[in-house]
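Welcome! Please have a look at the structure first.

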Amino acid sequence: MAGYVPHTDEDFARMLSELGLGGADELFRSVPAALRLAGGLDLPLGLGEPDVSSQMSRLAGANRAPAELVCFAGGGAYDHDIPAVVRALGGRSEFVTSYTPYQPEVAQGVLQVLFEYQTLVSRLAGLPVANASVYDGATATVEAVNLAVACTGRPAVWLSAGLNPRWREVLATLSAGRGIELVDVPLSGGTTDWEAARGAPPAALVGASPNYLGCIDPPRRATPVAQAAGALVVNAFDPVSAGLLRTPGEQGADVAVAEGQPLGTPLAFGGPYLGMFAVAGAHVRRLPGRLVGRTVDSEGRTAYVTTLRAREQDIRRERASSNICTNQTLVAVAAMVQMAWLGTAGLRELALRCARGTRYLREAVLSVPGVEPLVDAPVVREFAVELPISPELAVERMAEEGFLAGLPVSVGGREGLLIAVTEKRVRAELDAYASALEKVVA
């Protein structure tokens with residue numbers, strides 16, 4: 001009989017005795033045989049702590065840390081600078097050790113910082129209400145789809161091929177149990193061809209701008225199609241590019257989601273990250289997760305509380321559209337500090353530096369013999385190119401030259417390399433990258 005590690009055989013025997021059962025088979029008799037695991041799990045025997053430590057050291061030595069390579073990889077996780085003020089304030093013990101803010105009388109500081117975070121995300125998204133965050137950009141997209149399905153009562157969702165493929169995989173996994181039908185909408189020249197979409201009337205049109213190929217794919221192109229179908233527009237945006245581009249809300253989006261990692265979070269082996277989520281006012285009662293509000297106490301002093309909790313699964317039960325009742329507080333604090341430190345002008349400067357570096361490197365890379373653009377649409381902070389060799393081989397060879405070259409991508413049967421440029425990349429690194437690429441593809 002399996003159990004938690006602290007449970008001894010005597011614990012199990014006493015539990016079964018108290019229940020009046022003769023063994024584990026009786027305990028699990030109510031579980032249909034078809035759902036039981038036959039033969040146990042095919043797992044190796046456990047190892048001692050020194051053996052595990054040795055294995056981890058071996059694996060660590062086989063990998064190269066981002067600091068060892070000049071990073072041009074993107075696709076949703078970016079090598080941005082993290083200012084000292086973010087590390088100093090985000091790592092304060094008041095935030096690191098604080099408990100879940102269900103008791104506002106002892107959590108005013110955390111509630112206030114989350115309120116400020118929500119305010120800044122709302123401004124980035126151009127929508128009136130933002131929550132206190134969800135797990136990451138992928139789960140934010142899932143929650144946006146859940147909201148749209150609950151709002152419209154329709155199971156179909158039209159999904160742009162330009163959405164991050166890993167987000168699409170998470171969405172496919174988590175929507176299967178709810179009977180949600182995902183209808184792929186193709187790209188044309190790098191942007192979503194919403195007019196080509198066919199299928200049952202959708203609950204939402206889900207796109208991204210910039211999309212996974214780095215192309216500007218504004219949600220306003222989806223708006224007339226959504227309005228004609230009575231559907232919501234869900235837009236995944238980039239919080240850095242927001243310093244240059246119009247907000248999703250300005251372009252007709254009903255829900256805006258984003259991965260907040262570029263704001264104050266290191267690459268960190270893929271997490272924990274930060275899901276940003278904002279909605280139009282009409283959908284506030286279906287907003288997932290926590291929502292912090294500002295009010296006054298009995299003495300007229302400013303006070304912060306979690307609010308509108310009746311939308312959550314612990315209150316609404318089966319009528320809830322989400323089962324998320326938490327948020328990424330520490331990561332949200334870091335993002336809030338960086339957004340506040342940058343301000344409007346700083347965010348624009350950051351986005352502009354990324355865009356200028358992207359343009360400079362794109363022109364240099366396209367001058368390499370045999371390299372062609374994978375798509376032609378305008379880009380802002382990363383771009384995709386077609387190489388005369390496989391992108392996987394190019395990544396491998398570029399690592400030998402000291403570069404994390406990018407991510408292999410595929411669109412319309414063509415393979416390419418997705419290359420990202422952040423503000424950390426100086427001109428000498430851009431020139432060296434182009435020179436190294438010319439060498440490895442020759």
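The points below cover the domains, their interface, the sheets and the salt bridges.

This is a predicted model. Its chain is divided into two domains, with domain 1 made of residues 66-82 plus 344-441 and domain 2 of residues 84-336. The two domains meet in a contact that takes 31 residues from domain 1 and 32 residues from domain 2.

**How the domains meet**

- Taken over C-alpha atoms, the centres of domain 1 and domain 2 are 27 Å apart.
- About 2,300 Å² of area is buried between domain 1 and domain 2, and carbon and sulfur atoms give 70% of this area.
- Seven residue pairs are in polar contact across the interface of domain 1 and domain 2, counting pairs with both residues at pLDDT 80 or more.
- On the side of domain 1 that touches domain 2, at least two residues each come from helix H11 (329-366), strand S14 (382-386) and strand S16 (407-411).
- H11 gives the largest share of that side of domain 1, with eight residues.
- Sorted by class, the side of domain 1 that touches domain 2 holds 22 nonpolar, four polar and five charged residues.

**The seven-stranded sheet**

- Seven strands form an open sheet with mixed pairing, and their order is S2-S10-S9-S8-S7-S3-S4.
- At the edges of this sheet are strand S2 (129-130) and strand S4 (181-185), each of which pairs on one side only.
- Inside the order you can follow strand S7 (residues 204-209) and strand S8 (residues 232-237), which pair in the parallel sense over six bridges.
- To see one of these pairings, find Val-206, whose bridge partner in S8 is Val-234.

**The four-stranded sheet**

- Another open sheet has four strands in the order S13-S14-S17-S16, with antiparallel pairing.
- Strand S13 (372-373) and S16 each have a single partner strand, so one side of each is left without a neighbour in the sheet.
- S14 and strand S17 (residues 414-420) pair over four bridges in the antiparallel sense.
- Within this pair, Ala-384 stands opposite Leu-418 in S17.

**A hairpin to look for**

- Strand S11 (residues 292-296) and strand S12 (residues 302-306) pair in the antiparallel sense over five bridges.
- Val-296 stands opposite Thr-302 in S12.
- Five residues lie between the strands of this hairpin, where Gly-300 takes a positive phi near 85°.

**Salt bridges**

- Side chains of opposite charge can pair when their charged atoms come close.
- The count for this model comes to 13 salt bridges.
- One salt bridge is found across the interface of domain 1 and domain 2.
- The side chains of Asp-238 and Arg-381 form a salt bridge, at 3.3 Å from N to O.
- Lys-424 and Asp-79 also form a salt bridge, with their closest N and O atoms 3.1 Å apart.
- Lys-424 sits in the loop between S17 and helix H13 (427-441), while Asp-79 sits in the loop between strand S1 (70-71) and helix H4 (84-90), so this pair ties together parts that are 345 residues apart in sequence.

How values were computed
Residues are numbered from 1 along each chain as its sequence is written. Side-chain values use heavy atoms; hydrogens and water are left out. Domain bounds come from an automatic or database domain assignment. Contact means heavy atoms within 4.5 Å. Buried area is the accessible area (1.4 Å probe) that two parts lose on being put together, summed over both. A salt bridge is a side-chain nitrogen of Lys or Arg within 4 Å of a carboxyl oxygen of Asp or Glu. A polar contact is a pair of N or O atoms within 3.5 Å; within protein, one must be able to donate a hydrogen and the other to accept it, and residues adjacent in sequence count only if both atoms are side-chain atoms. Ala, Val, Leu, Ile, Met, Phe, Trp, Tyr, Cys and Pro count as nonpolar, Asp, Glu, Lys and Arg as charged, and the others, Gly among them, as polar. Two strands pair if DSSP finds at least two bridges between them.
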